[in-house]
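Subject: A structure for you to explore

Hello,

Here is the structure I promised to pass on to you.

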Amino acid sequence: MTPEWKWKGWKGPRIAAAAAMVLGLMVPAVQAADFTPAQHEGARQLVDELAERGIERDWLETALQQAVFQQGVLDAMEGAAERRLRWDEYREIFLQPERIARGVDFIHAHEDAFERAYAEYGVPPEVIAAIIGVETSYGRFTGRHRVIDSLSTLAFHHPVRGNFFRGELAAFLEITHEQEVDPGSLKGSYAGAMGYPQFIPTSYRAYAVDFDGDGQRNLWTNPVDAIGSVGNYFAEHGWRPGEPIYAEAQGPSDGPPSGIDFNRTQRPYVEVSELEQAGVAPRGEFDAGQRVIPLALEKDESTWRYRLGHENFYVITRYNHSHLYAMAVTELAEEIAAMRELGPLPQNGSVEPGESP
């Protein structure tokens, strides 16, 4: 059975005339032509490149003719929550009872897939569930922006990362062409992330897996493929099965000591002995020469919490390069695991989801 997400036989030019009529009624002409290759040099160059890779030129031109510039996408990129919130404010978004309980339900509903992912990739169910929970509330909200609009806007108008998003736009067009999906039909985040796990297109191409064996890698509507793909993503980025994500530490209550660069999302880079000299001491046994990621989390305007990230914490930051994001995923995973140990829960009532930052 062909799933709803796949429009088999979608060949843009075959419906171009009808689409043009609809767009003419619904979208101002100046918007509909924002990225038309015949009028936009950057779009034309992208069509030339992808046509050389074997994608039909007519298909590409019709796809990009659908794209509309969105100023709101550029504005959203500047206001990401990871850049403007304290840890306690950021944590509050994701560590809600409903999201924790739904994580337990999500694992229960797809227990076989989670067990297989754990066996194959070594990533615990609660960690995979927490990623999907933070990203889309377990698939309840996968984005409200048309991906073709977001990526075209960012590719050709972002002042700093245009080249990066141009590559994402190219990958998106390749994916939708291969899977015979109308590129104008898919929605995602303002940054062009898609599906249950919010993979950007290049990650989709590199790490998505057909985890249910139906011959398709479908992260848009297939939670089983999403579960396996998150596990594969972590494994490919160096997840260490059975190892901890972080350790607790204690330090100055009035703020991080000078001389230590906290919260850098890179592989463990500071030795424990150096931290101890600065007044940040781990709780538990550590070798003096062991390297960690020093984390200083602002709980309010005058209180700080300290943790030491291990290699697995770094791996989580490969998904989103923010220490706040990685810690929110970690704590959500801990809460899901703790609730699972309590046994079966009553069914949860529906709660309106919101878009994750």
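Below is what I found in it, taken region by region. Please keep in mind that this is a predicted model.

**The sheet**

Let's begin with the strands. Five of them form an open sheet in the order β4-β6-β7-β3-β5, and the pairing is antiparallel. Why is one side of β4 and of β5 left without a neighbour in the sheet? The reason is that β4 (270-271) and β5 stand at the edges and each has a single partner strand.

Now look at β3, which covers residues 246-250. Along four bridges, β3 pairs in the antiparallel sense with β7, residues 304-309. To find this pairing on your screen, look for A247, which stands opposite L308 in β7. β3 also pairs with β5 (residues 281-282), again in the antiparallel sense, over two bridges. There you can look for A249, whose bridge partner in β5 is P282.

A helix packs on this sheet as well: α17, residues 323-341. α17 touches β3, β6 (291-298) and β7, and its direction makes about 90 degrees with that of β6.

On the α8 side, the contact is made by R99, I100, A101, G103, V104 and I107. On the α17 side, L332, E335, I336, M339 and R340 take part. Sorted by class, this contact of α8 with α17 has seven nonpolar residues, one polar and three charged.

The second pair is α3 (residues 41-52) with α4 (residues 57-65). Here the packing angle is about 145 degrees and the axes lie 9 Å apart. The crossing of α3 and α4 is right-handed. From α3, the residues A43, V47, D48, L50 and A51 meet R57, L60, E61 and L64 of α4. This contact of α3 with α4 has six nonpolar and three charged residues, and no polar ones.

**A closer look at A43**

A43 is worth a stop of its own. Leaving aside residues up to four places away in sequence, A43 touches F35, P37, L64 and F156. Take F156 from that list: A43 and F156 are 113 residues apart along the chain, yet their C-alpha atoms are separated by 8.3 Å.

F156 brings us to α11, where F156 is one of the buried residues. How much of α11 is covered? Most of it: 10 of its 11 residues are buried. They are V147, I148, D149, S150, L151, S152, T153, L154, A155 and F156.

Compare that list with the one for α5 (residues 71-78), whose buried residues are V73, L74 and M77. Viewed down the axis of α5, these buried residues fall within an arc of 100 degrees, so they line one face of the helix. Here is a general point that helps: an α-helix has 3.6 residues a turn, so residues three or four places apart point the same way. And what covers the buried residues of α5? The cover includes α6 (81-84), β1 (145-146), α11 (147-157) and α12 (162-178).

**Two residues with a positive phi**

Finally, two loop residues have a positive phi without being glycine. One of them is Y138, with a phi of about 65 degrees. Y138 sits in the loop between α10 (125-136) and β1. At 4% relative accessibility, Y138 counts as buried.

The other is E180, which is not a glycine either and has a phi near 55 degrees. You will find E180 in the loop between α12 and β2 (187-188). Why does E180 count as buried? Its relative accessibility is 19%, and buried means under 20%.

Happy exploring, and do write back with any questions!

Best wishes

Definitions and conventions
Residues numbered from 1 in each chain as written. Predicted model: local features only at pLDDT ≥ 70, side-chain atom pairs only at ≥ 80, totals over all residues. Heavy atoms only, no water. Buried < 20%, exposed > 50% of the residue type's maximum accessible area, 1.4 Å probe, protein only. Arc of directions from axis to C-beta. Contact = heavy atoms within 4.5 Å. Axes fitted to C-alpha atoms, helices over the stretch in contact; angles between N-to-C directions. Left-handed = near helix turned anticlockwise from the far one by under 90°. Nonpolar A, V, L, I, M, F, W, Y, C, P; charged D, E, K, R; others polar. Pairing = 2+ DSSP bridges.
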